[in-house]
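Reader: Could you walk me through reading a helix and then a pocket in a model like this?
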Amino acid sequence: MKALKLAGIFVLVLAVFIGIFFLTSNGDSGKLPPVAENLYETYRQQFTNDWEQAGDWNETLFKGNYDMVQQLSTQYGGDKIDALRQLNTRSAVELVKKKVFDEWASPTCRKAVVDKYVGAVNIVKKTDATAEQNDDVKKILSVNSTYSSAYSLAHKGIGLSPRFDGSGWQSYVSYAQSIKNQKAAILRNSNYTEYLSNITDIKNGLNAIDGKLQKGRASYYQSLAQSIISYYRNKEHTPDNLNSLRSVRNRYESEYQQNSSLTAFTRKFAQSVQ
């Protein structure tokens, strides 16, 4: 009986030992071996040489190197595989940064060239999610945000079309102040003052805004006078409508100046009522 108990304990201990052995073996077999130093150095040198020879953004090269790293990661583990991925991304971004900042520094900066390199940054981000944290990527996108706003405002069509509803209209003063506020925000933006203020196209566009606003003001009130006349031309010639017309005319003149067409129309309207 004692011998049977000892035999049972032995079998139990042996089973536990075998189980531990297989668990340990399976755990070890799941780990990828580190890449050999000579193989890592070969790929590192290849990536470096490829980007030096390219000398510019190359989407095929970037994605080809990235795919190669992904394939290597299925065979090898360790930090060196991640270092190759970082090298490829960093090399691409550094080239793009130099090119786009050189373009922004040029007085004849071309938007198509800027868009090309910003597009390259977005490709890098989409391919390698970790590029989002790259300081150069953040800087490029930050300056481009300012550039896009400045370019858009510099080429913006200045002017407002009046919408007369019978008693009121949009304030041209408020509209003009909104445009001026946008311009002021760009001019004091550190990205603009440091990197973009030398671009002739944008600088001239921003400088022309005040003149365009003044010209647009005259056009706005001329159109508004015609809108008022058109509105009241279809109204009955009653004392109430005459009072309303006079009130509108007075507000118009207080905001802008006397308009001969509106003055003449109001006089005729009053004569008809009388």
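Author: Gladly. Buried means under 20% relative accessible area, exposed over 50%, and partly exposed in between, with a 1.4 Å probe and protein chains only. Helices are DSSP runs of H or I with at least four residues, numbered from the N terminus. This is a predicted model, where local features need pLDDT of at least 70, side-chain atom pairs count only at pLDDT 80 or more, and totals for chains, interfaces and linings use all residues. Residues are numbered from 1 along each chain as its sequence is written, and side-chain values use heavy atoms, leaving out hydrogens and water.

Reader: Which residues of H5 are buried?
Author: They are Val113, Val114, Tyr117, Val118, Ala120, Val121 and Val124. Taking directions from the helix axis to the C-beta atoms, they cover an arc of only 145°, so they sit on the same side of H5. Exposed residues Ala112 and Lys126 are on the face turned away from that buried side.

Reader: What covers the buried residues of H5?
Author: Contact means heavy atoms within 4.5 Å. The cover includes helix H3 (59-73), helix H4 (79-105) and helix H6 (135-154).

Reader: And how is a pocket found?
Author: On a 1 Å grid over the protein atoms alone, a pocket is an open set of points where a 1.4 Å probe fits, with protein on both sides within 12 Å along at least five of seven lines; lining residues have an atom within 4 Å of a point. Here, the lining of the largest pocket includes Tyr172, Lys180, Asp210 and Arg217. Helix H7 (172-187) and H10 each give two or more residues to this lining, and the largest share, five residues, comes from H7.
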